[in-house]
Amino acid sequence: MSKHQKKPVNKKYILSRLWKYIYHFKWLVAAAVFLTISSNVLALLGPALSGRAINAIEPGKGMVDFKSVFFYCALMLVFYIVSSVLSFILSRLMIKLSQNIVYKMRKDLFDKLLDLPVGFFDSTHTGDIISRISYDIDTVNASLSNDLLQICTSVITVGGSFLGMLFISPKLLLVFAVTIPVTIVFTKLRTAKVRPLFRIRSRKLGELNGFSEEMVSGLKTIKAYRRENAMIERFDRVNTDAAQAYYNADYYGSTVGPSVNFINNLSLVLVSAGGAIFYLFSMMTLGDVSAFVLYSRKFSGPINEAANILSELQSAFAAAERVFSLIDELPEKADAPNAEDIADIKGSIRFDHVKFGYGEKEIIHDLSFEVKPGSTVAIVGPTGAGKTTMINLLMRFYDVNSGAIYLDGRDIRTLTRKSLRRTFTMVLQDTWLFGGTIAENIAYGSDGADRDAVISAAKAVNIHEYISSLPDGYDTVISDEGVNISKGQKQLITIARAMLLNSPMLILDEATSNVDTRTELQIQESMNKLMEGRTSFVIAHRLSTIQNADMILVIRGGDIAECGTHEELLKKDGIYSGMYRSQFK
Amino acid sequence: MKRIFIYLKPKLKRIFAGLTIKTIGTLMDLVIPWILAYMIDTVVPQKSVRLIILWGFIMVICSICALLGNVIANRMASAIARDTTLKIRHDLFSKITHLSCRQTDEFTLPSLISRLSTDTYNIHQMIGMIQRMGVRAPILLVGGIIVTMTLEPVLTLVMLCTIPPLAFIVWSVAKKGVKLYTALQRQIDRMVRIVRENVAGIRVIKALSKTDYEKDRFGKVNSDVVAAEKSAKYNMAISNPAMNLFLNAGLTFVILVGAFRVNAGISQTGKIIAFMTYFTIILNALLSVNRIFMIVSQGSASANRISRVLDSPDEFTTGAPDHKNTGGFIDFEDVSFSYSGPGAVPQLKNISFSLKKGQTLGIIGPTGCGKSTLIQLLLRFYDADAGTVRIDGDDVRSLSLDRLRSKFGIVFQNDFILSDTIEENIVFGRHIGEREVLESIKNAQAFEFVDELDKGLNHMLTARGTNVSGGQRQRILISRALAADPEILILDDSSSALDYKTDAQLRNAVNENYFETTTIIVAQRVSSISHADLILVMDGGKIVGAGTHEELLNTCDEYKLIADSQMGEDMMEGGADDE
């Protein structure tokens, strides 16, 4: 992620982002505020009632007014019951609220994720993404559900106590004129110190998760090389970093509460000593002093509480920052405003002086060629020559740096990505299946394909028999690491998927590399049928697919070195024929 | 949860010291209001400024002690939480690396990942919180009860009557909480899995315009996670209001009983008032205790998940020495195996062959025929259900895993790349010098392209090696396998992305420079294995042909079919140089 790391976003920005989520559920929030106030008021009425009850007891031995005592006790019970029910409803409401926000945040994050350009995934650890979706959002959530209410209650209490003190002795209130700024300055300074630490803590945890993901994915290799201990050592380093970062944040974060408490205690000392002296000089009554002290206790309590949740808030901020920074990643460039959907196409493709590089380094320099509708183009060349890059450009996973690619004479940048990609079927070397049933995997992409269609696609690629031999047949769930299914079988399933898709154009990038020759021979016919009438781009090692191509592009260092049919290129006696002959040596 | 205590045990002294300091700090905090009351009630009426300042000074000292005590104790608690988490995570990770493949299959990778991350994080939080909150609440609780006892034992007992039902509620809520939080973690596993899937398949998803579908799919898991978390928290939400209700009801009864007692002249109103002040303290303390319970029940769900991994038995034990002079170096004696264990449809059926030291074995056959399974048995990722696998006459089960696996250099299909330099990927944490690394990349035909990179061997690879081409990736992996000069080299379909010429050069280099190495090549291309001393043609878990290339061409129809179909193929990319 380091590459995508932006300047630390400011607090206001994060707050305004968070506020949007909260605002989205404004009615829930309003209900929560209402409940908070009413259950607090009810809880406060309880003691008042008990006061009445005690007044009724007051007269003492033999004089107790039992009628009133019973009355007020009964009333108290009712109030407490109502208050408890309200607070129960309130906490459920808060859970609902925070979970709704979490749901929405997670959804936004994931939705954004899928709209990011594929390059993002090449440079980001999966574990780090997972860390944001789970841990970071959880942290924000914990803070939202606990701290928000706490802050609300605190504000009410602080405001009330302040008014109370103001009425009793504005002079004594001057004490707070000293301690409150001290608290604020201290908290500010601490926050400035602690915030980066929490940011580091979140990041390190993300790194730990990224590392765990990486290692767990490579378990077999690690075992085969007996590198367990070496990897444990590496893990320990990352682990220590993460635990230490947590500790560092805690080290300073956990001093905030006691420190603010200390300042409060000091102000208490000043208030009581000052009050006592005022009393001595007859500037205050003793009753006023004790009432003032009571208020000041009430006053500092919530401030204390607020300081305690401050560190929680800091970690929530750091987490929110990571969440929003992913949501703020630049998505795939939006389709041009006047982009059109493309549906019925003939399938002619033209590369016109295309230049492209993933970063600084240009990989494709000035590539131009034309493909007639329905023809098969084989792309041949050494690894790293830019074959896969061409496909990336064609599918608009990336856009060209200069030049243009035309589909049926239309610049593909003037088309919507979705409709453009719909016109292609792509089978890649890296097979990808998801944790659903085999039938779902085959029908993936062809919405509403029925079981018969799925079966006939499976038959066409010769995997029907195998699937039928499984206990659950087409409903076999493909498990995580799929011990039950080999790489080659997975690839056949993805080819069946392509068969079912029925798009006008076809991209086969080493599509049969994991399939053995015999099976390949068996599915050759279906593959040919698949390519029939479709503009097809084929990247392959094997000759059979290439030999019959209408055009062979020999790519070398991002340029077309040779171009023509098999026969033409052999006659030319250039690179291609050299390659062809080398195998007979 | 027991596990966590085992981890905390060695730190008991430190924990105890921390808690003691914390207790002092907390007591100081509590002494301050007491001094305050004393000042107003006793000192002020004495009208002595000196005394007032003296007591004020004492309060300042108490405040400083409270500050220091709390800060020091908090930091000690953090340190203990850090050290414990470090150890737990370390043990968990090393256990995971030592799990057998069957066990990892069972736990599933996403679940292991989230156990390493979310679950250990929960534990970290729990250990810190308990230490910080675990002092104040009990002190206030016990202190409050003692004071009320001295004030009015009868009324205190009335109040204490509410404790048993409260304890029952807290306990059963917490118990149910563990279950619900475990369910929540399970849902999180599912979510992690879908995120992983999406990241891995992003190209396919975009190509098929299935992003909306995937968003829906994630949306479902998302709502499942949210639902699980809601029910876990809803359960927890009962205990706080219930506590408030019970205690306040208790208080009401205290007033009622108090009324009778006052009426009877046994008690005074003042006592009841004082009683109510302390009652608030007790209530708050109980609420804190409840919070601790909530944290613990979430934490112990995670602790249980971690313990399940830590407690899984070591599946692979080294058996008694079992040596047999077979004359071969690698022997499979009538080996059968199924991933689902004995009795299921076997992936390998009665496999027997023998290979001499320094020879090359080629394995070819259709997808799913058991080629890779055979390799997994040789490395003892799984144990054979029947029959014996021998290396140099020793049953693989009789060798320690270390001794067994140190013999191999292996490249799997789509093998694992560290996000580190090329050199680190080749060295792979072993003691391998620069000379060996250079030699290995030369033999793996990787020298040229590595040399052309700006930073050469120090070129940083991304996770999954996405910043080099497939062929380059394979050559780096082959260098890794060659670097330690292994006794047995296994290439499991790992030169598929190499062009014909490079593949041939690689084979020559291996033959010339590693002639003592026994090589096993799993391939789909006949040209990759035609030079082998022994070729196994496999189909449906059985060997359908064995022999040299020439022999098989005459005896094995399957082989002939494959060979014929590939004649004149595999020519692409030859002679071209890399970028």
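## Exercises on a two-chain predicted model

The axes of helix H8 (residues 228–280) of chain A and helix H3 (residues 49–98) of chain B come within 8 Å and cross at roughly 165°. This is a predicted model, in which local features need pLDDT of at least 70 and side-chain atom pairs count only at pLDDT 80 or more, while totals for chains, interfaces and linings use all residues. Residues are numbered from 1 along each chain as its sequence is written, and chains are lettered from A and ligands numbered from 1 in the order in which they are written.

**Exercise 1.** Describe how H8(A) is oriented towards H3(B), and which kinds of residue form their contact.

*Solution.* Begin with the angle of roughly 165°, which runs on a scale from 0 to 180 degrees between N-to-C directions, the axes being lines fitted to C-alpha atoms over the stretch in contact. Angles under 35 degrees count as roughly parallel, over 145 as roughly antiparallel, 65 to 115 as roughly perpendicular and the rest as oblique, and H8(A) and H3(B) are therefore roughly antiparallel. The residues of this contact comprise 26 nonpolar, 18 polar and six charged, where Ala, Val, Leu, Ile, Met, Phe, Trp, Tyr, Cys and Pro count as nonpolar, Asp, Glu, Lys and Arg as charged, and the others, Gly among them, as polar.

**Exercise 2.** Decide whether chain A is a compact globule or more spread out.

*Solution.* Chain A has 19 helices and 10 strands, which are DSSP runs of H or I with at least four residues and of E with at least two, numbered from the N terminus. Its radius of gyration, taken over C-alpha atoms, is 35 Å, well over the 25 Å that the globule rule gives for 585 residues, so chain A is more spread out than a compact globule. That rule is 2.2 Å times the number of residues to the power 0.38. The C-alpha atoms of chain A fill a box of roughly 120 × 60 × 50 Å along the principal axes.
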